[in-house]
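Here are some notes for when you next open this model.

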Amino acid sequence: MSLLAVEHLTVAYTMQRTRLNLTAVQDVSFAAASGEFVAMIGPSGCGKTTLLNAIAGLTPPQAGAICVDGRPVRGPGHERAMVFQAPALLPWRTVVSNVAYGLELQGMPKPQAARVARDYLGVVGLRDFAESYPRELSGGMQQRANLARALSIQPQLLLCDEPLAALDAQTREYMQAELQRIWLARPMTALYVTHNIAEAVFLADRVLVMSAAPGRLKADFAVPFARPRALSIQRTPQFQAIAEAIWAQLERPADLPAGHDENADPR
Ligand SMILES: Nc1ncnc2c1ncn2[C@@H]1O[C@H](COP(=O)(O)OP(=O)(O)O)[C@@H](O)[C@H]1O
Ligand SMILES: [Mg+2]
């Protein structure tokens, strides 16, 4: 049973000045089974954010269909939650009231929302920072709070748009392990966009590769490793073989000069 079904999805933008159409996502079809962690990778500008926004119900598609749990997506809904690259926490609210905010918007009474928010701060390891303000947290901690906010609404589908991209390399690796721990504690269907190959392979059951713009689906790799996975798995030949196969499929963004690729040749 697939929880997410994307069928022949095309998303286009009309440029404001010229009125020209720009196709950002072209004829993309894939499905994610219930509880599956699917990573999506592709060069910058290939339409990853556009695809996530369409699934979130924020951007209407030009053609095709999106179904979540058998129901067509026609706009935003509580069964989907998005984690953006920039945490976008409200600076005047404490961490716990930032997490509670989404629940309050759903109509949950404030005391209950605060209780649930505290539970999820525990899940992401921020229990002791509930009363802090966002500016008092490091980038990694802010992203944990952001994650707690998305998880607290208990979505069936978690949509992640490069949530670790703004973090330094060491924090990023640590957060990858944390994400796995959190996901194992609360398994849910996830669609996780990144442009980091190792991150995709480490976290996912499957890695989908998008072509350069306009984004089409190019390849679909299964990642067979049992969980929990240790970060050191990245140094095994099996892991490197998958990473290399993905790397071979990954096109460079049209505007990137040679030698400026975060996913350096793993060979
Ligand atoms: N709101 C928008 N209006 C017009 N064009 C957009 C808009 N958002 C994105 N685009 C264009 O769509 C293409 C895909 O962008 P995006 O989905 O952000 O790619 P990615 O997330 O893979 O980097 C790019 O060419 C980008 O310039
Ligand atoms: Mg993007």
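The points below go from domain layout to local backbone geometry.

1. A word on ground rules: this is a predicted model, where local features need pLDDT of at least 70, side-chain atom pairs count only at pLDDT 80 or more, and totals for chains, interfaces and linings use all residues. Residues are numbered from 1 along each chain as its sequence is written, with chains lettered from A and ligands numbered from 1 in the order in which they are written.

2. The domain assignment (automatic or from a database) gives domain 1 as 1-79 + 156-267 and domain 2 as 87-154. Their C-alpha centres sit 25 Å apart.

3. Where the two meet, twelve residues of domain 1 are in contact with eleven of domain 2 (contact: C-beta atoms, placed from the backbone, within 7 Å). Helix H5 (residues 169-185) gives the most to the domain 1 side, with five residues; helices (H or I, at least four residues) and strands (E, at least two) are DSSP runs, numbered from the N terminus.

4. Two cis peptide bonds to look at: Ala213 to Pro214, omega about -10°, and Arg227 to Pro228, omega about 0°. Pro214 is in the loop between strands E9 (206-210) and E10 (217-222), while Pro228 is in the loop between E10 and helix H7 (237-249).

5. Arg19 has a positive phi of about 65°, in the loop between strands E1 (2-14) and E2 (21-33). Glu162 has a positive phi too, near 45°, and lies in the loop between strand E7 (157-161) and H5. Most residues other than glycine have a negative phi.

6. Buried or exposed, those two? Arg19 counts as exposed because it has 7 C-beta neighbours inside 10 Å, whereas Glu162, with 20, counts as buried (buried: 20 or more other C-beta atoms within 10 Å of its own; exposed: 12 or fewer; partly exposed in between; C-beta atoms placed from the backbone).
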